[in-house]
Amino acid sequence: MTELAIGNVTADCAHAADLAGFYAALLDRPVDAGATEFFATVGRESGAQPVLMFIKVPERTPGKNSVHLDLHAPDVAAEVARAISLGAKHVADFAEYGMVWTTLADPEGNLFDIGAKLP
């Protein structure tokens, strides 16, 4: 049995505090104290897992996926609408592998999904 566990989900970004604020609002969690344009976290102080960590990078590495979160929700449509109201952009909708999900882009263009199992 492995002893590995997810400690953080880290996003390379242009402005750490701003992007942390987007995900904090989306997940209804506070941004941890001390957030700056260079480094911010969501969940570290509250003990939420996994901790979301945002780190400013000078340039995105071509071909490197900066972040991809799969978020689950009982009401996908309502959460997609809420994400869009917070600044996300709709990319595409899918229904495969026993799941339905919507792919969105956060304010910095990172893709994430909101989905649920098919009934």
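This is a predicted model: local features need pLDDT of at least 70, side-chain atom pairs count only at pLDDT 80 or more; totals for chains, interfaces and linings use all residues.
1. Elements. The chain contains two helices and seven strands. Read from the N terminus, their order is β-α-β-β-β-α-β-β-β.

2. Overall dimensions. For a chain of 119 residues, a compact globule would have a radius of gyration near 14 Å; the value here is 15 Å, so the two agree.

3. Burial and surface. Of the 119 residues, 36% are buried. The chain exposes about 7,200 Å², and 59% of that area is supplied by carbon and sulfur atoms.

4. Contacts along the sequence. Take the contacts between residues at least 6 apart in sequence: 48% of them join residues at least 24 apart.

5. Charges. There are 8 positive and 16 negative side chains in the chain. The centres of these two sets are 2 Å apart.

6. The nonpolar core. Which residues touch the most other members of the largest nonpolar core? They are Tyr 23, Leu 26, Leu 52, Phe 54, Leu 69, Phe 112 and Ile 114, out of 26 residues in that core. At least two core residues come from each of strand S1 (8-13), helix H1 (16-27), strand S2 (39-42), strand S3 (51-56), strand S4 (69-72), helix H2 (76-85) and strand S7 (111-117). The element that gives the most is H1, with seven residues.

7. Tyr 23. Leaving aside residues up to four places away in sequence, Tyr 23 touches Leu 52, Phe 54, Leu 69, Asp 106, Asn 110 and Phe 112. Among these partners, Leu 52, Phe 54, Leu 69 and Phe 112 are also on the list of core residues that touch the most other members.

8. Val 42. This residue is in strand S2. Is Val 42 buried or exposed? Its relative accessibility is 0%, and buried means under 20%, so Val 42 counts as buried. With residues up to four places away in sequence again left out, Val 42 touches Ala 20, Ala 24, Arg 29, Pro 30, Val 31, Asp 32, Val 51, Leu 52 and Phe 54. Leu 52 and Phe 54 are touched by Tyr 23 as well.

9. A distance to check. Val 42 and Glu 108 are 66 residues apart along the chain, and their C-alpha atoms are separated by 17 Å.

Notes:
Residues are numbered from 1 along each chain as its sequence is written. Side-chain values use heavy atoms; hydrogens and water are left out. Helices (H or I, at least four residues) and strands (E, at least two) are DSSP runs, numbered from the N terminus. The radius of gyration is taken over C-alpha atoms; the globule rule is 2.2 Å times the number of residues to the power 0.38. Buried means under 20% relative accessible area, exposed over 50%, partly exposed in between (1.4 Å probe, protein chains only). Contact means heavy atoms within 4.5 Å. Accessible areas come from the Shrake-Rupley method with a 1.4 Å probe; for residues, only the protein chains shown count as cover. Lys and Arg count as positive and Asp and Glu as negative; His and the chain ends are not counted. The place of a charge is taken as NZ of Lys, CZ of Arg, CG of Asp or CD of Glu. A nonpolar core is a set of buried Ala, Val, Leu, Ile, Met, Phe, Trp, Tyr and Cys residues joined through side-chain atoms within 4.5 Å.
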